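Please open the model in your viewer and keep the selection tool at hand.

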Amino acid sequence: LMNVQSKTFETLLEEAVDGPGLALEIKKVEMATVDLATLVKVSRLKSRHLLAASLRGFADSAKKTGKGLTKFSSKVGGAVDKFVFSNFSLQ
């Protein structure tokens, strides 16, 4: 049981460290996709409106995902802080 708890704690720590960086990368992808959608919209492509709408939908999904990841990372970080504080304050 202790080994499982240790693995889970290690996973939480990794998520807490990696989460904000991943959220930033998702934000970059979102912004680049919005820019691409704008370029497609003013292009001469036959299906530009459909393609631009699809790109906007992808950007919206990326935005929601980034926000969710940021919230998750914050919660994990708070849980890790509480865990560490409670373990060190008991000693």
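## A charged patch on the surface

Begin by selecting Lys63, Lys67, Lys71 and Lys75, which gather in a patch of positive charge on the surface. The model displayed is a predicted one.

## The whole chain

Now zoom out to display the entire protein chain, which has two helices and zero strands. Of its 91 residues, 19% count as buried. If a surface is drawn over the chain, the accessible area comes to about 7,200 Å², and carbon and sulfur atoms account for 65% of that area. Consider next the contacts in the chain between residues at least 6 apart in sequence: 67% of them join residues at least 24 apart.

## A buried threonine

Select Thr33, which is found in helix H1, residues 2–41. Is Thr33 buried or exposed? With a relative accessibility of 9%, Thr33 counts as buried, since the class takes in values under 20%. Then display the neighbours of Thr33: leaving aside residues up to four places away in sequence, Thr33 touches Leu55, Phe58 and Ala59.

## Salt bridges

How many salt bridges does a search of the whole structure find? The search finds two.

For one of them, select Lys28 and Glu25, whose side chains meet in a salt bridge at 3.4 Å, N to O. These residues are three apart in helix H1, so about one helical turn separates Lys28 from Glu25. Lys28 counts as partly exposed, at 43% relative accessibility, and Glu25 likewise counts as partly exposed, at 41%.

For the other, select Lys27 and Glu30, which form a salt bridge with their closest N and O atoms 3.2 Å apart. Lys27 and Glu30 both lie in helix H1, three residues apart, about one turn of the helix. Colouring this pair by accessibility shows a contrast: Lys27 is partly exposed, with a relative accessible area of 37%, whereas Glu30 is buried, with a relative accessible area of 9%.

Technical notes. Residues are numbered from 1 along each chain as its sequence is written. This is a predicted model: local features need pLDDT of at least 70, side-chain atom pairs count only at pLDDT 80 or more; totals for chains, interfaces and linings use all residues. Side-chain values use heavy atoms; hydrogens and water are left out. Patches are made of residues with over 30% relative accessible area and no salt bridge: like charges are joined within 9 Å, nonpolar side chains (Val, Leu, Ile, Met, Phe, Trp, Tyr) within 5 Å. Accessible areas come from the Shrake-Rupley method with a 1.4 Å probe; for residues, only the protein chains shown count as cover. A salt bridge is a side-chain nitrogen of Lys or Arg within 4 Å of a carboxyl oxygen of Asp or Glu. Lys and Arg count as positive and Asp and Glu as negative; His and the chain ends are not counted. The place of a charge is taken as NZ of Lys, CZ of Arg, CG of Asp or CD of Glu. Helices (H or I, at least four residues) and strands (E, at least two) are DSSP runs, numbered from the N terminus. Buried means under 20% relative accessible area, exposed over 50%, partly exposed in between (1.4 Å probe, protein chains only). Contact means heavy atoms within 4.5 Å.
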